[in-house]
Amino acid sequence: MKIFQCDNCGQLLFFENTHCGSCGSQLGYLWRQNMLSAVIENDGALEAVASPQARYKFCANHEHNACNWLVPESSEDPYCRACELNRTIPDLDEPAKVEAWQKLERAKHRLVYSLLRLQLPVKSRFKEHETGLWFDFLANVEGEDPIMTGHDGGLITMNIAEADDVQREATRKNMREPYRTLIGHFRHEVGHYYWDQLVASKPEELERFRILFGDETRDYGEALQDHYDNGAPENWPETFVSAYATMHPWEDWAETWAHYLHIVDTLETAYAFGMSLDAPLKPPASVAMIADFDPYEQPDFEPIMNACLPITFAVNSLNRSMGQPDLYPFVLPPAVFEKLRYVHQLVQP
Ligand SMILES: [Zn+2]
Ligand SMILES: [Zn+2]
Ligand SMILES: [Zn+2]
């Protein structure tokens with residue numbers, strides 16, 4: 001993600017900030033301009049310093065501390081591009097559920113940022129009845145089956161218990177996953193949605209997909225059962241990004257898609273900071289890269305691929321210095337880079 005700066009005082013800001021930590025300016029995000037702008041109230045409407053001709057209002061979820069995006073004042077929509085995707089949110093009378101939802105929204109807004117930067121179609125199911133996207137944020141109900149996080153025909157369901165760090169870490173250990181985050185869930189599930197949009201409906205695309213990911217007509221229920229009974233094949237690291245990806249070609253796709261978004265967004269951050277690496281090592285070892293390109297606007301896959309190894313090695317080393325787990329606890333073999341290259345080609349505008 002890019003770095004944002006306060007229009008008023010130049011302070012560095014995070015995407016989620018609602019106020020400048022230095023001068024106190026109220027802030028709102030303008031997705032078209034990709035700017036976090038200082039906003040001033042004037043005659044009941046908002047003026048954004050970054051877009052002074054127009055007038056704005058906050059997204060209706062601003063009052064729940066779940067969104068900082070701006071909507072044109074003239075718009076009939078109360079919600080922003082990210083929040084209009086919600087079909088069900090938790091009961092706002094229950095503070096613990098609201099807190100969980102706010103955490104999920106922060107991750108979901110970062111997801112939508114990436115989708116918009118990639119110029120992918122981001123349409124609410126309320127507007128595009130056939131092909132739009134919807135989110136349900138649901139809580140477990142005692143005595144009922146637990147809510148399953150997943151995707152089904154354009155509807156992404158999130159169990160809000162995932163926002164609880166203790167619970168999520170326990171699940172991660174149970175499932176023997178190296179990585180489990182809210183943004184990881186969103187990136188994975190939306191991958192299933194874009195498979196429907198970009199691959200499933202196009203016969204030539206399906207052919208290309210099957211060469212890399214396998215035959216997705218394999219019975220999903222059987223594959224799932226087989227995965228839980230027998231686990232992943234031992235040699236999975238040679239061709240898959242994760243053990244779960246071996247379960248079914250759809251899951252391989254969604255895992256690969258999620259990693260593509262992890263990589264592109266991380267490299268955009270490196271680019272925003274002007275990062276470069278040049279470790280003085282004995283050849284043939286090399287940890288060198290220059291993040292001198294915006295990966296969201298990079299038509300070639302090579303620079304993205306070449307930057308991956310040095311930057312993940314460097315940031316993992318930084319994390320280890322702080323006693324933290326690896327930031328990116330994955331090793332990508334050439335076969336996975338070929339799958340990532342396919343995703344990259346598919347999302348080019
Ligand atoms: Zn400021
Ligand atoms: Zn919103
Ligand atoms: Zn999945």
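Which residues does Glu-216 touch, not counting residues up to four places away in sequence? Point 4 returns to this residue.

1. Basis of the note. This is a predicted model, in which local features need pLDDT of at least 70, side-chain atom pairs count only at pLDDT 80 or more, and totals for chains, interfaces and linings use all residues. Residues are numbered from 1 along each chain as its sequence is written, chains are lettered from A and ligands numbered from 1 in the order in which they are written, and side-chain values use heavy atoms, with hydrogens and water left out.

2. Zinc site. His-188 (NE2), His-192 (NE2) and Glu-251 (OE) coordinate the zinc ion (ligand 3) at 2.0 to 2.1 Å. Donors are N, O and S atoms within 2.8 Å of the metal (3.2 Å for Na, K and Ca); because water is not among the atoms, sites may look incomplete. The spacing of the donor residues in sequence is H-x3-H-x58-E. His-188 and His-192 lie 4 residues apart in helix α3 (residues 182–200), so about one helical turn separates them. Both are buried (under 20% relative accessible area, with exposed over 50% and partly exposed in between; 1.4 Å probe, protein chains only). Helices are DSSP runs of H or I with at least four residues, numbered from the N terminus.

3. Packing of α3 and α6. The axes of α3 and helix α6 (residues 249–272) come within 8 Å and cross at roughly 115°. Axes here are lines fitted to C-alpha atoms over the stretch in contact, with angles from 0 to 180 degrees between N-to-C directions. Among the residues that meet are His-188, His-192 and Trp-195 in α3, and Trp-250, Glu-251 and Glu-255 in α6; contact means heavy atoms within 4.5 Å.

4. Glu-216. This residue is placed in the loop between α4 (203–213) and α5 (220–230). Glu-216 is buried, with a relative accessible area of 6%. In answer to the opening question, Glu-216 touches Trp-195, Leu-206, Phe-209, Arg-210, His-248, Pro-249 and Trp-250, not counting residues up to four places away in sequence. The side chains of Glu-216 and Arg-210 make a polar contact (2.7 Å), that is, a pair of N or O atoms within 3.5 Å; within protein, one must be able to donate a hydrogen and the other to accept it, and residues adjacent in sequence count only if both atoms are side-chain atoms.

5. Glu-255. Helix α6 holds Glu-255, which is buried at a relative accessible area of 15%. Glu-255 touches His-188, Val-241, Ser-242, Tyr-244 and Ala-245, not counting residues up to four places away in sequence.

Technical notes. Helices (H or I, at least four residues) and strands (E, at least two) are DSSP runs, numbered from the N terminus.
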